[in-house]
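Here is a short briefing for a first look. Please keep the sequence and the 3D view at hand.

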Amino acid sequence: MRRFRLLLAGAAIVLLGLVTGVGTAHAVSEEELREECIHILEEGGSVDDCHEAPSPILPEINEVIWGGIAFLVLLFLLWKFGYPAMTKGLDERAERIRSDLDAADTAKTEAQAELANYQDQLKGAREEATRMRDDARAEMDDYKAQRRAEIDAELAEYRERAKAEADAAKSQALADVRSEVAALAIGAAEQVVQKSLDRETNVALVESYINSVDARG
């Protein structure tokens, strides 16, 4: 801000110098014209020669000098105050851009870290779901194997019980048949001999005979 004020003050001084210089140059120019006209008349010239217009292209020497001085002063002020201020402004702008880029990089890094964290959590959730599914499948397989073993044991027990019952029924049927056969045989023998026989002894004999026949079969 201080440099800007100094630059404005320098520009005001240069402008004042230019105005003063131009006025001075204009006054000097009229005096020179008067002297030049007198010199022309002394050399035998006419009044018309004194009214020749100045060159519209070439400036007066004084204007060139004052303009050059003002230009140099303005150039010095610009170099001394304007250029550092402009350089400082460019540096500050570059610093702001650099800070914005750093902030953008930081935000990008944070976003990438957040994304990586989310992906890790998602991976962990998938692994947990897979583990729970495998555990449930293993428990189901164990339950199926246990139930299959229980059913096989129940079937085996049922077969053994049915076989035992069938064997008991068969033995009972054979015993009934033997008693019936022995009774018929004794009855037939009593009719042949026309007298009563010792029933218990003869039944034992008949059953012994049937057992011997079964043993041979």
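A contact means heavy atoms within 4.5 Å. Of the contacts in the protein chain with a separation of 6 or more, 62% link residues 24 or more positions apart. This is a predicted model: local features need pLDDT of at least 70, side-chain atom pairs count only at pLDDT 80 or more, and totals for chains, interfaces and linings use all residues. Residues are numbered from 1 along each chain as its sequence is written, and side-chain values use heavy atoms, with hydrogens and water left out.

**Overall build**
- The protein chain has 4 helices and 0 strands (DSSP runs numbered from the N terminus: helices are H or I, at least four residues; strands are E, at least two).
- Along the sequence, the pattern reads α-α-α-α.
- Buried residues are 7% of the 217 residues (buried is under 20% relative accessible area, exposed over 50%, partly exposed in between; 1.4 Å probe, protein chains only).
- The accessible surface is about 18,000 Å², and 60% of it belongs to carbon and sulfur atoms (Shrake-Rupley method, 1.4 Å probe; for residues, only the protein chains shown count as cover).

**Surface patches**
- Patch residues have over 30% relative accessible area and no salt bridge; like charges are joined within 9 Å, nonpolar side chains (Val, Leu, Ile, Met, Phe, Trp, Tyr) within 5 Å.
- A salt bridge puts a side-chain nitrogen of Lys or Arg within 4 Å of a carboxyl oxygen of Asp or Glu.
- Glu 32, Glu 35, Glu 36, Glu 60 and Glu 63 form a negative patch.
- Helix α1 (residues 2–42) gives the most to this patch, with 3 residues.
- Glu 60 sits in the loop between α2 (47–50) and α3 (61–193). Its relative accessible area is 32%, so Glu 60 is partly exposed.
- Ile 61, Ile 65, Trp 66, Ile 69 and Val 73 make a nonpolar patch with about 450 Å² of accessible area together.
- Ile 61 lies in helix α3 and is exposed, at 61% relative accessibility.

Notes:
Lys and Arg count as positive and Asp and Glu as negative; His and the chain ends are not counted. The place of a charge is taken as NZ of Lys, CZ of Arg, CG of Asp or CD of Glu.
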